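Here is a guided walk through one protein fold, written for someone who likes to have geometry and contacts side by side. Keep the viewer open as you read.

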Amino acid sequence: MRILLTNDDGYHAPGLKVLETIARTLSDDVWIVAPAEEQSGAGHSLTLSRPIRVRKHGEKRYAVAGTPTDAVMMALAKIMKDCPPDLILSGVNRGANLAEDVTYSGTVSAAMEGALGGIRSIALSQIYSREGMGDSVPFEAAAAWGERVLRPLVDAPLAPRTLVNINFPAGPADAVKGVRVVGQGFRDYGRLQIVSNTDPRGYEYHWFALGRTVETPAPATDLEATAAGYVSVTPLHLDLTHFESMNMLKQAYR
């Protein structure tokens, strides 16, 4: 089995090293094609207005000067064109990709691109507490539970153009209670904050920040499962059509 690894935290991110260790328990044919720099929040964007440069760091190891989507597209259409992967793993992201995070996440979007390319694709993220921000984020839960969560997914009969989103709960590995297959939750949008200040030259700037999370998790969501200490496993699909509204809209145009 040939595995492609990517992420949105960048080629040198600690979470990518954790993911490589996990991947090598599944296969010895592991490739890395990841963004050269951090691309958190890039979503499913791709680069169209400038050339994309690729740097080879060693055998089967490449850094792409672009977004996570750029990296996967470059891997499938160029670097691995003659030896495509059987599995794409994206992560392990530094921070949660729960609920509506999946629409912003470069980690999840890299897996989306893989799914569009017909490759079995899985996104992995490590939740952390406020005390573990920056480079001190602990990946202990992901490192300990990664293999056992992934193995059942390697041969699972996933539907076409779907992907799996995995989130490891914050805290030590021995505190993880198990794995739950759950749906996508939604948060209260009031958590968004904008921090404004003035730079040394007197110009105002603004920085998006996430305030206190106001969660209203329904039963059996990724929010609820991870908050309770479980690894969440959520299948996602790329067809955003709201079929329940189709007939209503058809009636509106008569």
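What follows goes from the sheet to the helices, then to the cores, and ends with some local backbone and side-chain details. Please keep in mind that this is a predicted model.

**The sheet**

Nine strands form an open sheet with mixed pairing, in the order β3-β4-β2-β1-β5-β6-β7-β11-β8. At its edges are β3 (54-58) and β8 (178-181), each of which pairs on one side only. On average, and ignoring direction, neighbouring strands of this sheet are turned by 20° against each other.

Strands of a sheet pair through backbone hydrogen bonds, in either the parallel or the antiparallel sense. Both senses can be found here. Strand β6 (residues 120-126) runs parallel to strand β7 (residues 162-168), and the pair is held over five bridges. Within this pair, Ala123 stands opposite Asn165 of β7. In contrast, β3 and strand β4 (residues 61-64) pair in the antiparallel sense over four bridges, and here Arg55 stands opposite Ala63 of β4.

**Helices against the sheet**

| Helix | Strands touched | Angle between directions |
|---|---|---|
| α4 (residues 106-116) | β1 (2-6), β5 (87-94), β6, β7, β11 (230-237) | about 175° with β6 |
| α5 (residues 140-154) | β5, β6, β7, β8, β11 | about 155° with β7 |

Helix α1 (14-23) deserves a look as well. Is α1 mostly covered or mostly open? It is mostly covered, with seven of its ten residues buried. Those buried residues are Gly15, Leu16, Val18, Leu19, Glu20, Ile22 and Ala23. They pack against strands β1, β2, β4, β5 and β6 and also against helix α5.

In soluble globular proteins, nonpolar side chains tend to be buried together. In this model the largest nonpolar core has 33 residues, and those with the most contacts inside it are Leu5, Leu89, Ile122, Leu124, Ile166 and Phe168. At least two residues each come from β1, α1, β2 (29-35), β5, β6, α5, β7 and β11. Which element gives the most to this core? That is α5, with seven residues.

Leu124 shows how the elements meet. Apart from neighbours within four places in sequence, Leu124 is in contact with Leu19, Leu89, Ser90, Gly91, Val92, Asn93, Thr107, Leu150, Ile166 and Phe168. There is also a second, separate core of 15 residues, and among its members are Val72, Met74, Ala75 and Ile119.

**Backbone details worth checking**

Most residues other than glycine have a negative phi, and most peptide bonds are trans. A few places here depart from that. Gly91 and Val92 are joined by a cis peptide bond, with omega about -15°, and Val92 is found in strand β5.

Lys60 has a positive phi of about 65° although it is not a glycine. The hairpin of β3 and β4 has two residues between its strands, and Lys60 belongs to this turn. Lys60 counts as partly exposed because its relative accessible area is 22%, which falls between the limits of 20% and 50%.

Ala99 also has a positive phi, near 50°, and its place is in the loop between β5 and α3 (101-104). Is Ala99 buried or exposed? Its relative accessibility is 0%, so Ala99 counts as buried.

Thr47 sits in the loop between β2 and β3. With a relative accessibility of 15%, Thr47 counts as buried, because buried means under 20%. Apart from neighbours within four places in sequence, its contacts are Ile52, Gly66, Thr67 and Asp70. Thr47 and Thr67 are 20 residues apart in sequence, with a C-alpha to C-alpha distance of 7.1 Å.

Finally, a word on aromatic rings. The charged end of Arg148 sits over the ring of Trp145, at 3.9 Å from the ring centre. Likewise, Arg180 lies over the face of Tyr230, 3.9 Å from the centre of that ring.

How values were computed: Residues are numbered from 1 along each chain as its sequence is written. This is a predicted model: local features need pLDDT of at least 70, side-chain atom pairs count only at pLDDT 80 or more; totals for chains, interfaces and linings use all residues. Side-chain values use heavy atoms; hydrogens and water are left out. Two strands pair if DSSP finds at least two bridges between them. Axes are lines fitted to C-alpha atoms, for helices over the stretch in contact, and angles run from 0 to 180 degrees between N-to-C directions. Contact means heavy atoms within 4.5 Å. A charge sits over a ring if NZ of Lys or CZ of Arg is within 6 Å of the ring centre and within 35 degrees of the ring normal. A nonpolar core is a set of buried Ala, Val, Leu, Ile, Met, Phe, Trp, Tyr and Cys residues joined through side-chain atoms within 4.5 Å. Buried means under 20% relative accessible area, exposed over 50%, partly exposed in between (1.4 Å probe, protein chains only).
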